[in-house]
Amino acid sequence: MLVCMTAALTIAFVPGVSPAKWARVWRERFPSIELRLRPIGADDVDDTLAGEADMVFARMPVSEQHNAIPLWTETAVVAMPKDSPLAELAEVDLDDAEVHVVDPGPVPADIEAALDLVEANVGVVVLPQSLFRAASRKDLVGRPLMNAEGTRIALVWRDEDATETTEEFIGVVRGRTANSSRSQPDQPGGTDRDDADASGPARGGSKAGSGAKGGSGSKGGAGGAGGKAKAKSPGSGKSGSGKKSNTGKAPTPGRGKMRGKPSRGSKGNR
């Protein structure tokens, strides 16, 4: 029986990420604790954590001051007109394609503007598949970018916002069952999540920032969140050169326990 559970939990999420599955599980498991969901911009993670949100689903990299649990890797796709010769391919190798790359990604600064240029046959753009789907451009198609490492989604929070409630939410995201203890191993993680109902959390918490290359799941402690590992910032290909995008290396979370519990409770009660 938890003694520090708070009355509300605020979870924010960046474009292309849906917390719908975990929200359903949370509301079934903890009906007395209100879950508030807040969509935010991709660049609003730090401000949101400093404000109303207890935790954020964000794209790596994030501030090294935050704790982060890497969850899944998004597939990088090349967006192009439906009548493009590249649309006939199962995967696109931009090294061999004679095409102008409007923005090599991994995430364009202005997605709508970049896709407008693609629709105008100026070139192609590289971006996460989830963001391409969310854009709903009926005249464009997306094909996986060959040899791309993709972008990593992580659950991010600050030490001062850690509570029993946030720890329970971490358990939900990591696939812990209602009857399991937080000291028991969580379900293994996965990669290439692009739909709202897929689950593939990685194990172990980490300080956002450094680490080894991520793969089809991360290795780490099965206890609480908060070890130390650092993530390399995703790189980018040469814009306009037709080269493929280097989307960076995913982090490997470390081992450790969640650090710190605020005396004031969660932000939902402030």
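Trainee: How does Arg 36 count in terms of relative accessibility?

Mentor: This is a predicted model, in which local features need pLDDT of at least 70 and side-chain atom pairs count only at pLDDT 80 or more, while totals for chains, interfaces and linings use all residues. Residues are numbered from 1 along each chain as its sequence is written, and side-chain values use heavy atoms, with hydrogens and water left out. Buried means under 20% relative accessible area, exposed over 50%, and partly exposed in between (1.4 Å probe, protein chains only). Because the relative accessibility of Arg 36 is 25%, this residue counts as partly exposed.

Trainee: With which residue does Glu 34 form a salt bridge?

Mentor: A salt bridge requires a side-chain nitrogen of Lys or Arg within 4 Å of a carboxyl oxygen of Asp or Glu. For Glu 34, the closest N and O atoms of the pair are 3.3 Å apart, and the partner is Arg 36.

Trainee: How many residues apart in sequence are the parts that Arg 59 and Glu 74 tie together?

Mentor: Arg 59 and Glu 74 form a salt bridge, with the closest N and O atoms 2.8 Å apart. Strands (E, at least two residues) and helices (H or I, at least four) are DSSP runs, numbered from the N terminus. Arg 59 belongs to strand E3 and Glu 74 to strand E4, so the parts tied together are separated in sequence by 15 residues.

Trainee: Which residues are linked with Arg 137 in a network of salt bridges?

Mentor: Arg 137 pairs with Glu 112, their closest N and O atoms being 2.6 Å apart. Arg 137 lies in the loop between H4 and E8 and Glu 112 in helix H3, so this pair ties together parts 25 residues apart in sequence. Arg 137 is buried, with a relative accessible area of 13%. The residues linked with Arg 137 in the network are Glu 112, Asp 116 and Glu 119.

Trainee: Is Asn 121 buried or exposed?

Mentor: Asn 121 is found in the loop between helix H3 (111-119) and strand E7 (124-128). Its phi is near 65 degrees, a positive value in a residue other than glycine. With a relative accessible area of 57%, Asn 121 is exposed.
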